[in-house]
Amino acid sequence: MGPMCDAVEAADGGGMRHRVEHCTICPPDLQARLAKLGMVAVMQPMAARFGRVASALFFPVRDRKDLAPHARLLRAGVPVAFSSDLPVSPDPNPWPGIQVAVDDQVNGISLLAALKAYTAAGAYASFEERVKGTLDPGMLADLQVYDRDPIAEPGSTRQSLRPKAVLVGGIRVFGRL
């Protein structure tokens, strides 16, 4: 990732918004550079599970705090957006990824921070924060409707939640309201 930061610095000094995909291993020096350059870390929380195993087998990480450092990146001032990495990950359901990010014993973040990473921060990463990412007047109504409150659900059952309905741009594309 260091060469990527070098390229951004050489190209525009961080004056434009750039993003780093698969920011799974990120030590403190790179976290600081990403923050200084205003780069967005686009991460896949489910990769943290694979990353722990792969790290042990193929590319040992010196410090576990550098593997999927969601909380540390946020504290450093780096915008963190989450994605499912579909089609690499076969399930676009965000709840398992949210739970992995929340339950991480080293780099865990709050449930609301994880939701923001999948919504508002995702819109920010794709330069769409003026039209989507939040439920505000004038914004596109891209949302999922559930038959129970996902925030009130225990983490163990939240992962199995499935939407009752899905709206894209305010138009129902799945299920019933």
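This note covers the overall fold and then the setting of Gln-44.

1. The model is predicted. Everything below should be read as computed from that predicted model.

2. Secondary structure. The protein holds 8 helices and 6 strands. Along the sequence, the order is α-β-α-β-α-α-β-α-α-α-β-α-β-β. The radius of gyration is 17 Å, close to the 16 Å from the globule rule for 177 residues, so the protein is as compact as a globular protein of that length.

3. Dimensions and packing. Along the principal axes, the C-alpha atoms fill a box of roughly 50 × 35 × 25 Å. Buried residues make up 38% of the 177. Take the contacts between residues at least 6 apart in sequence: 57% of them join residues at least 24 apart.

4. Surface and charge. The accessible surface is about 9,800 Å². Carbon and sulfur atoms account for 60% of that surface. There are 20 positive and 18 negative side chains. The centres of the two sets lie 3 Å apart.

5. Position of Gln-44. Gln-44 sits in the loop between strand E2 (40-43) and helix H3 (45-57). Is Gln-44 buried or exposed? Its relative accessible area is 6%, under the 20% cut-off, so Gln-44 counts as buried.

6. Partners of Gln-44. Which residues does Gln-44 contact, leaving aside its neighbours within four places in sequence? They are Glu-21, His-22, Ser-83, Ser-84 and Asp-85. With Ser-83 there is also a polar contact, side chain to side chain, at 3.0 Å. Thus a buried loop residue has a side-chain polar partner in Ser-83.

Conventions: Residues are numbered from 1 along each chain as its sequence is written. This is a predicted model: local features need pLDDT of at least 70, side-chain atom pairs count only at pLDDT 80 or more; totals for chains, interfaces and linings use all residues. Side-chain values use heavy atoms; hydrogens and water are left out. Helices (H or I, at least four residues) and strands (E, at least two) are DSSP runs, numbered from the N terminus. Buried means under 20% relative accessible area, exposed over 50%, partly exposed in between (1.4 Å probe, protein chains only). A polar contact is a pair of N or O atoms within 3.5 Å; within protein, one must be able to donate a hydrogen and the other to accept it, and residues adjacent in sequence count only if both atoms are side-chain atoms. Contact means heavy atoms within 4.5 Å. The radius of gyration is taken over C-alpha atoms; the globule rule is 2.2 Å times the number of residues to the power 0.38. Accessible areas come from the Shrake-Rupley method with a 1.4 Å probe; for residues, only the protein chains shown count as cover. Lys and Arg count as positive and Asp and Glu as negative; His and the chain ends are not counted. The place of a charge is taken as NZ of Lys, CZ of Arg, CG of Asp or CD of Glu.
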